[in-house]
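Welcome, and please keep your viewer open beside this text.

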Amino acid sequence: MAKNKTVETTASVAGYLTSITDAKRRKDCVDLIELMSIHSGFEAKMWGAGIVGFGSYHYNYESGHEGSAPLVAMASRASAISLYLSCEPDKKDAMLAKLGKYKMAKSCIYIQKMEDIDASVLGKMVKASVAYYQAKYPG
């Protein structure tokens, strides 16, 4: 079975932030990391080369595939900032309705800048994601 590409590393979060050349995007990422750290209760750590994650959970699927993933995470990508969050669908839809301007993919929320979203709603989403994964994958 293939190994997971995105695993927790000892790379520097500060070094990752320094690599973001756009000053505004870098500032938004710093603010997101602070928000996610406060609301998750976990320290920021690098996952792979380009994802900043908070906390972790271990999953083991019926297929036999297993690994670890961050409870919540973010990444600066070429076209947007990706937010990796999850919770019960009914809660997620209600919070997304209040979040502000974003785009959604299968499991990612994409934002352009912090001013486009309501940070207090994002904080609630971070807390909900942590609770969701900790309940789904205890221990």
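How many bridges join S6 to strand S8 (residues 108–111)? Select both strands: four bridges join S6 to S8, and the two run antiparallel. Strands here are DSSP E runs of at least two residues, helices are H or I runs of at least four, and both are numbered from the N terminus.

Before moving on, a word on what you are viewing: this is a predicted model, in which local features need pLDDT of at least 70 and side-chain atom pairs count only at pLDDT 80 or more, while totals for chains, interfaces and linings use all residues. Residues are numbered from 1 along each chain as its sequence is written, and side-chain values use heavy atoms, leaving out hydrogens and water.

**Stop 1: the sheet**

Next, select strand S5 (residues 72–76) beside strand S6 (residues 81–84): they run antiparallel and are joined by four bridges. Here Ser76 stands opposite Ile81 in S6. Met104 has Ile109 in S8 as its bridge partner, and the two strands form a hairpin with three residues between them.

**Stop 2: another hairpin**

Select strand S3 (residues 57–60) with S4, which pair in the antiparallel sense over four bridges. Asn60 stands opposite Glu66 in S4. Five residues lie between the strands of this hairpin, and Gly64 takes a positive phi near 100°. Colour strand S4 (residues 66–69) by face: Gly67 and Ala69 make up the covered face, Glu66 and Ser68 the uncovered one.

**Stop 3**

Leaving aside residues up to four places away in sequence, Asp28 touches Ile81, Gln112, Lys113, Met114 and Glu115; contact means heavy atoms within 4.5 Å.

Now jump to Val13 in helix H1 (residues 13–18). Val13 is buried too, at a relative accessible area of 15%. Draw a C-alpha to C-alpha distance from Val13 to Met46: they are 6.0 Å apart in space and 33 residues apart in sequence. With residues up to four places away not counted, Val13 touches Ile33, Ala44, Lys45, Met46 and Val52.

**Stop 4: a helix pair**

Finish with helix H3 (residues 89–99) and helix H4 (residues 119–136), whose axes come within 9 Å and cross at roughly 160°. That makes H3 roughly antiparallel to H4 (the word applies to angles over 145 degrees). Show side chains for the contact: Met95, Leu96, Lys98 and Leu99 of H3 meet Val121, Leu122, Lys124, Met125 and Ala128 of H4.

How values were computed
Axes are lines fitted to C-alpha atoms, for helices over the stretch in contact, and angles run from 0 to 180 degrees between N-to-C directions. Angles under 35 degrees count as roughly parallel, over 145 as roughly antiparallel, 65 to 115 as roughly perpendicular and the rest as oblique. Two strands pair if DSSP finds at least two bridges between them. Buried means under 20% relative accessible area, exposed over 50%, partly exposed in between (1.4 Å probe, protein chains only).
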